[in-house]
Amino acid sequence: MNNRPRTALITGAGSGIGRVTAFKLWGAGYNLALAGRREDKLRETVEAAGVDDDRALVAPTDVSDRQAVARLFAAVKDRYERLDLLFNNAGYNAPGIPLDEINEQEWLSVIAVNLTGAFWCLQEAFKLMKSQRPQGGRIINNGSISAQVPRPNAAAYTASKHAVTGLTKATALDGRAFNIACGQIDIGNARTDMSQQMQKHLLQADGEMAVEPQMDAQHVADAVLYMANLPLSANVLSLTVMANQMPFVGRG
């Protein structure tokens, strides 16, 4: 058992933070299950890494679909027999909308992925980690710095990410009895293909538009690997990694 490679599951693995973190974990010897809405993007992640097929399980999944999530974790158990790490990374952000103009569908879409979907994945990971032998494992939730401080016109996203913080703390507490560690990484302005467009013109609290500094997404992957490699007797409950010069500390 001790010689078996560790297994991790990454949601939102077809691009951005998820893809960069997949590369990092493969490099550290993990076998990976990759979840995301688009199978083609997940396969691009595998092909770009150049790993053998037995080290990658491609599992197209809509995390807001309860049954799809159950099938995902059943597939992980069937392929790798256990799960050592869940990086609960999938997320969705609606366009910037004034609070009083958010409609029902926009609100529900954000909550469905960022909170409900995160919970479905976390719950299935918890069940598997609780039942497997040796018992235990680690869950890392992607909170975003919006779990701490909002941007303008982002009420739904901010609410969902603040809720993830509560979910992280509840899981960290409930997991103690089963050797399950749960922590959260709050990320600010990591450079990805998506962020290159978003960061060009960002509304600030004073109403001005600004281009904000970014950091290499590799630093996020490094932080996730650090958290993942801790023994289960230790936990990083909360870690913030951000572009040093972004307007976060003292925002507004």
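**Burial, contacts and backbone angles**

Student: Which residues of helix α2 (residues 39–49) are buried?

Tutor: In α2, the buried residues are Leu42, Thr45 and Val46. They lie on the same side of α2, because they cover an arc of only 95° around the axis; the arc is that of the directions from the helix axis to the C-beta atoms. Buried means under 20% relative accessible area, exposed over 50%, and partly exposed in between (1.4 Å probe, protein chains only). The model is predicted: local features need pLDDT of at least 70, side-chain atom pairs count only at pLDDT 80 or more, and totals for chains, interfaces and linings use all residues. Residues are numbered from 1 along each chain as its sequence is written, and side-chain values use heavy atoms, with hydrogens and water left out.

Student: What makes residues three or four places apart in an α-helix point the same way?

Tutor: An α-helix has 3.6 residues a turn, so such residues point the same way.

Student: What is on the two sides of α2?

Tutor: The buried residues of α2 pack against α1 (16–27), β2 (31–36) and β3 (56–60). The face turned away from them carries Glu47 and Ala48, which are exposed. Just after α2, Gly50 has a positive phi of about 70°.

Student: Why is β1 (residues 7–11) called a strand, and what makes Thr7 in it buried?

Tutor: Strands are DSSP runs of E of at least two residues and helices are runs of H or I of at least four, both numbered from the N terminus; β1 covers residues 7–11. Thr7 has a relative accessible area of 2%, so it is buried. Leaving aside neighbours within four places in sequence, Thr7 is in contact (heavy atoms within 4.5 Å) with residues including Tyr30, Val76, Arg82 and Leu85.

Student: How do you know that Asn142 is buried, and which residues does it contact?

Tutor: Asn142 has a relative accessible area of 12%, so it counts as buried. Asn142 lies in strand β5 (residues 137–142). Beyond four places in sequence, its contacts include Phe87, Lys161 and Ile187. Phe87 is 55 residues away in sequence, yet the two C-alpha atoms are 7.4 Å apart.

Student: How do you know whether the radius of gyration of the protein agrees with that of a compact globule?

Tutor: The radius is taken over C-alpha atoms, and the globule rule is 2.2 Å times the number of residues to the power 0.38. For 252 residues the rule gives a value near 18 Å, and the protein has 18 Å, so the two agree. Buried residues make up 47% of the 252. Among contacts between residues at least 6 apart in sequence, 71% join residues at least 24 apart. The C-alpha trace spans about 55 × 35 × 35 Å along its principal axes.
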